[in-house]
Amino acid sequence: MTRTILVTGGAGYIGSHTTLVLLQAGFQVVVLDSLCNASAESLKRVAQLAGREPVFVQGDIRDRALLDQLLAHHPVQAVMHFAGLKAVGESVAQPLRYYENNVGGTINLCQAMAAAGVFTLVFSSSATVYGDPATVPITEDQPVGQTTNPYGRSKFMVEQVLGDLAVADARWRVALLRYFNPVGAHESGLMGEDPNGIPNNLLPYITQVAVGKLPELAVFGNDYPTPDGTGVRDYIHVLDLAEGHLCALKALQTRTGAHVWNLGTGQGYSVLEMVRAFEAASGRPVPYRISPRRSGDIANCYADPTKARKELGWGAQRGLPDMMRDAWRWQSMNPNGYSGGRN
């Protein structure tokens, strides 16, 4: 029988790409999304590419009655949990909102799952749980919890909740996937990252400068202890990340308890290296200015993905030129994201 997967936050950037990968792998998918930071248009594009539609339910993971109704009506066997707020700066200004959504919402989801007899969960965590790492590349057994902002703390708290849950009840099978920096877009140009307002992340900011929506890129700090002084991060193609979720879901079929995997490439790139790579892929100049460091930013952060390769049989397949080319194709075909239609 075809398995049915509930994808919370499935209309968002990573959730929509993962929904597509699940549909293409033969799963039935139910998407739950409040659309507070996403567009239903993304799911129309998913259906166009997959040749069939996910079921879409608009709603919030904090709505227990809705969750109970959804799980009663659909034969869900596992949940991929992407729903949550994700802007670091906003989390500093609005910590209670982040804890209520990300921590409280996840607890509510787990209570509804348990009541419905669903005990398999793939959780969208983050490399922010490592804080400012003592050494790089980062392995899964390095210390966590010294996070630098409420967003990262909310991810760390959820990891603790899910770990405790798996210890208390042996029926739970949980994957904690610590993402590094997702970038890129589907190679069709039909799906990609569509942030509200000024982007918080580097690559959509670069692409919006290139397409003329923003005047220049602000590079926050050029005095870090890195080769060119700008911050180094592990950028991973969103489709590689989506495929990692599918591998984690399959791995949980033979594992109980909570398991942690880094999803990154193992390769760090600086901000200025990203700018140059994008200019090479797009043929467009990206003007930038050096601005002061942002509080909470760190110098180096990249993964050791060995554990995921050994245990999940997963590794990133797409390199930096692919990430840049796909991001530019999406932005140039959809200069106003999902709201503006296609060129």
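L35 sits in the loop between β2 (28-33) and α2 (41-50), and this residue makes a friendly starting point for a tour of the predicted model. L35 has a positive phi of about 65 degrees although it is not a glycine.

**Backbone points to check**

- Most residues other than glycine have a negative phi, and most peptide bonds are trans.
- Against that background, the positive phi of about 65 degrees at L35 is one point to look at.
- Another is the peptide bond from V136 to P137, which is cis, with omega near 0 degrees.
- P137 belongs to the loop between β5 (120-126) and α6.

**The cavity**

- Rolling a probe the size of a water molecule over the atoms shows where empty space is left.
- In this structure there is 1 cavity of 30 Å³ or more.
- The volume of the largest cavity is about 60 Å³.
- Its lining is made up of Y13, V183, G184, E193, L203, P204, T207, A327, W330 and Q331.
- Two or more residues of that lining come from each of α7 (202-210) and α11 (320-333).
- Sorted by class, the lining of the largest cavity has 6 nonpolar, 3 polar and 1 charged residues.

**Helices α7 and α11**

- The two helices that contribute to the cavity lining in this way also pack against each other, at an angle of about 55 degrees and with their axes 10 Å apart.
- That angle makes α7 oblique to α11.
- Their crossing is right-handed.
- On the α7 side, the contact is made by L203, P204, T207, Q208 and A210, and on the α11 side by M323, M324, A327, W328 and Q331.
- The contact of α7 with α11 has 7 nonpolar and 3 polar residues, and no charged residues.
- L203, P204, T207, A327 and Q331 take part in this contact and also line the largest cavity.

**Helices α5 and α6**

- Helix α5 (residues 95-116) packs with helix α6 (residues 150-168) at an angle of about 20 degrees, their axes being 9 Å apart.
- Angles under 35 degrees count as roughly parallel, so α5 is roughly parallel to α6.
- The crossing of α5 and α6 is right-handed.
- From α5, the contact takes in P95, Y98, Y99, N102, V103, T106, I107 and C110.
- From α6, the contact takes in P150, Y151, R153, S154, M157, V158, V161, L162 and L165.
- By class, the contact of α5 with α6 has 13 nonpolar, 3 polar and 1 charged residues.

Methods:
Residues are numbered from 1 along each chain as its sequence is written. This is a predicted model: local features need pLDDT of at least 70, side-chain atom pairs count only at pLDDT 80 or more; totals for chains, interfaces and linings use all residues. Side-chain values use heavy atoms; hydrogens and water are left out. On a 1 Å grid over the protein atoms alone, a cavity is a set of points where a 1.4 Å probe fits but cannot get out, and a pocket is an open set with protein on both sides within 12 Å along at least five of seven lines; lining residues have an atom within 4 Å of a point. Grid points are joined across faces, edges and corners, and a volume is the space filled by probe spheres set on the points. Helices (H or I, at least four residues) and strands (E, at least two) are DSSP runs, numbered from the N terminus. Ala, Val, Leu, Ile, Met, Phe, Trp, Tyr, Cys and Pro count as nonpolar, Asp, Glu, Lys and Arg as charged, and the others, Gly among them, as polar. Axes are lines fitted to C-alpha atoms, for helices over the stretch in contact, and angles run from 0 to 180 degrees between N-to-C directions. Angles under 35 degrees count as roughly parallel, over 145 as roughly antiparallel, 65 to 115 as roughly perpendicular and the rest as oblique. A crossing is left-handed if the near helix is turned anticlockwise from the far one by less than a right angle, and right-handed if clockwise. Contact means heavy atoms within 4.5 Å.
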